[in-house]
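Below is a short report on one protein chain.

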Amino acid sequence: MTIPRTQRKPSAPGDRIIPVKVRNSRINGRGLFATADLPGRRKLGEISGQVVKLPGAWKTVEQSDKIYLIELNPRQALECSTGNSFRYLNHSCAANCYMRIIRNRVEVYTLRPVKAGAELTVNYGMTPHKDGMRCGCGAPNCKGRI
């Protein structure tokens with residue numbers, strides 16, 4: 001009997017290792033980069049962190065120049081500043097990945113095929129900062145602010 005992939009433990013034989021690496025980013029600080037070609041519409045993994053209460057968490061983030069907070073619902077967020085390497089996903093107005101929230105989990109998927117060496121990015125959406133934050137993605141369609 002074959003156990004469906006979603007029911008296996010992450011370290012089960014046959015599970016793939018996602019070929020990514022954290023390194024310096026031209027967008028902002030550190031970033032997450034593909035070390036091999038990645039197919040489109042493929043789950044890469046989950047962002048780890050601690051579930052915290054809103055709106056208190058937003059008040060803390062407003063004082064920071066880096067955001068490691070993902071709103072899960074109107075009352076909770078995932079604080080991922082000490083999470084796994086997916087916390088280094090930078091914003092891009094022309095993102096090549098997206099986040100999918102399922103219950104209190106945040107999954108990361110590729111939007112389209114990604115070449116080895118490319119930085120993996122997501123569109124952050126709204127920011128709690130009063131006037132937004134400067135965007136440094138450099139995409140042709142960059143809005144200039146997040």
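## Two arginines with positive phi

R103 lies in the loop between β8 and β9. Strands here, like helices, are DSSP runs (E, at least two residues, for strands; H or I, at least four, for helices), numbered from the N terminus. R103 is not a glycine, yet its phi is positive, at about 55 degrees. Most residues other than glycine have a negative phi. R103 is exposed, with a relative accessible area of 71%. The classes are buried (under 20% relative accessible area), exposed (over 50%) and partly exposed (in between), with a 1.4 Å probe and protein chains only.

R41 is a second case. Its phi is near 55 degrees, again a positive value in a residue other than glycine. R41 is found in the loop between β2 (30–34) and β3. R41 is exposed, at 57% relative accessible area.

## Basis of the model

The model is predicted, so local features need pLDDT of at least 70 and side-chain atom pairs count only at pLDDT 80 or more, while totals for chains, interfaces and linings use all residues. Residues are numbered from 1 along each chain as its sequence is written, and side-chain values use heavy atoms, with hydrogens and water left out.

## Overall layout

The protein chain has one helix and 10 strands. From the N terminus on, the order is β-β-β-β-α-β-β-β-β-β-β. Of its 146 residues, 38% count as buried.

Contact means heavy atoms within 4.5 Å. Among contacts with a separation of 6 or more, 61% come from residues 24 or more positions apart. The chain exposes about 9200 Å², and carbon and sulfur atoms supply 52% of that area. Accessible areas come from the Shrake-Rupley method with a 1.4 Å probe; for residues, only the protein chains shown count as cover.

How many of the six residues of β9 are buried? Five are, in a strand that spans residues 105–110. Two strands pair if DSSP finds at least two bridges between them. β9 pairs with β8 (residues 97–102) in the antiparallel sense, over six bridges. β9 also pairs with β3 (residues 43–47), again antiparallel, over four bridges.

V106 of β9 has a residue opposite in each pairing. I101 stands opposite V106, and I47 stands opposite V106 too. R105 in β9 is the bridge partner of I102. The hairpin of β8 and β9 has two residues between the strands, and R103 takes its positive phi there.

## Nonpolar cores

A nonpolar core is a set of buried Ala, Val, Leu, Ile, Met, Phe, Trp, Tyr and Cys residues joined through side-chain atoms within 4.5 Å. The largest has 18 residues; L44, I47, F86, L89, V108 and L120 touch the most other members. β2, β3, β5 (69–73), β9 and β10 (119–122) each supply at least two residues of this core. A second, separate core has 13 residues, including L54, A57, W58 and C137.

L120 also reaches beyond nonpolar residues. Residues up to four places away in sequence aside, it touches N90 and N96, as well as L32, F33, L44 and L89, among others.

## N90, a buried polar residue

N90 lies in strand β7 (residues 90–91). Is N90 buried or exposed? N90 is buried, with a relative accessible area of 7%. Its side chain joins that of E119 in a polar contact of 2.8 Å. A polar contact is a pair of N or O atoms within 3.5 Å; within protein, one must be able to donate a hydrogen and the other to accept it, and residues adjacent in sequence count only if both atoms are side-chain atoms.

Beyond neighbours within four places in sequence, N90 is in contact with several residues, among them S25, I27, R30, E119, L120 and Y124.

## Cysteines without a bond

A disulfide is a covalent bond between the sulfur atoms of two cysteines. The rule used here asks for a pair of cysteine sulfur atoms within 2.5 Å. By this rule the count is zero. C142 is in no disulfide either; its nearest cysteine sulfur, that of C135, is 3.6 Å away.

The two residues sit in separate classes of cover. C137 counts as buried, at 2% relative accessibility. C142 counts as partly exposed, at 29%.
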